[in-house]
Amino acid sequence: MSLETNQNKRSFRNFDEAAENILMMISKQMNINTLFIAKNDGKHNEIVKSRNAVEKLVVEGNILPLEKTFCSLSLNYGEEPLVIDDISTSPLAESLEIAAQFGNGSFIGIPVFYADGEVYGTICGLDKQPFEFSEEHRLMFETMSSLLTYVLELEKAKVQIQSLSAPLVPVTKGVSILPIIGEITVSRAQSIIDHVLTQCGESDMEYLIIDVSGVLQINSTVGDYLLKLVNILKIIGITPVVTGIQPFMALKVPHFAASLKDVLIEANLEMALKKLGFVLIQECNKK
């Protein structure tokens, strides 16, 4: 197996994939029936990911009032892992209606936080059978909680970077510029489309100038996404204007420029603005 293949296997595209792999890693280290990750908003608890070995105790997508779940016990306990060796005799669990379903089973859970201390949810283990939790198990849950915090922050940063890397710059009423800079991947291209459509829906836009002079790399797939954006703008009544098409784009994606034959294309922003009736005037005050 090549190094590139191994690297791809170890990479996660989002929090969802990371969460699934974290549960898989824990399951290899401890033979507990159910592992799950939940998120909550202070009122409701939603199961984001679950892994059941034999009996399906927790189901992905289930939402319950937070106070009726084991996760609430974990959150109230604090930042350290909450370990319940015997649910049937635990003073903490006796307030939960669902506790009776698990008899003398066991539970372990620890909160998952964002970097600023805000609660995301919990990562937990649950079994209807008695389970002996070791110090290594406690440490593993602490480590995985910290790892999930790191992944959450990476995903948040990625969303922010993608948003900032495709800002809509208003020029005047009805006219905005979308400067696209750097390397365009498929995921980023789709993110740009989503971001632009959201912004267009919130403003009264007539023209959108898409400047691609800062694009470093392009392929046919990415070119198709940009064409998709142009076509969507036309459908929703916004006139697209494309500027900055470079020679390497025409060479690498021949159909890109050809597909824009019905679209206004200019060499640069200044010429595009002039075409739309705007003139850049530099004023110099002399004393």
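Patches are made of residues with over 30% relative accessible area and no salt bridge, with nonpolar side chains joined within 5 Å. The model shown is predicted.

View 1. Four residues, Met25, Leu147, Tyr150 and Leu154, form a nonpolar surface patch of about 370 Å². Helix H4 spans residues 135-164 and gives the most to this patch, with three residues.

**View 2. Leu147 in helix H4.** Leu147 lies in helix H4 and is one of the residues of the nonpolar patch. Its relative accessibility is 34%, so Leu147 counts as partly exposed.

**View 3. Strand E10 and its cover.** E10 takes in residues 239-243. The strand is mostly covered, with four of its five residues buried. On one pairing, E10 meets strand E9 (residues 207-217). These two strands run parallel and are joined by five bridges. Thr243 in E10 stands opposite Asp211.

**View 4. E10 beside E11.** Strand E11 (residues 264-266) also pairs with E10 in the parallel sense, over three bridges. Val242 has Ile265 in E11 as its bridge partner.

**View 5. The crossover from E9 to E10.** Helix H6 covers residues 220-235. Together, E9, H6 and E10 make a right-handed β-α-β unit.

**View 6. The whole chain for context.** The protein has nine helices and 11 strands. Of its 287 residues, 41% count as buried. The accessible surface comes to about 16600 Å², and carbon and sulfur atoms hold 52% of that surface. Among contacts with a separation of 6 or more, 62% come from residues 24 or more positions apart.

Definitions and conventions:
Residues numbered from 1 in each chain as written. Predicted model: local features only at pLDDT ≥ 70, side-chain atom pairs only at ≥ 80, totals over all residues. Heavy atoms only, no water. Patch = residues over 30% accessible without salt bridge, like charges linked within 9 Å, V, L, I, M, F, W, Y side chains within 5 Å. Areas by Shrake-Rupley, 256 points an atom, 1.4 Å probe, with all protein chains shown as cover. Salt bridge = Lys/Arg side-chain N within 4 Å of Asp/Glu carboxyl O. Buried < 20%, exposed > 50% of the residue type's maximum accessible area, 1.4 Å probe, protein only. Contact = heavy atoms within 4.5 Å. Pairing = 2+ DSSP bridges. Right-handed = clockwise from strand over helix to strand, strands pointing away.
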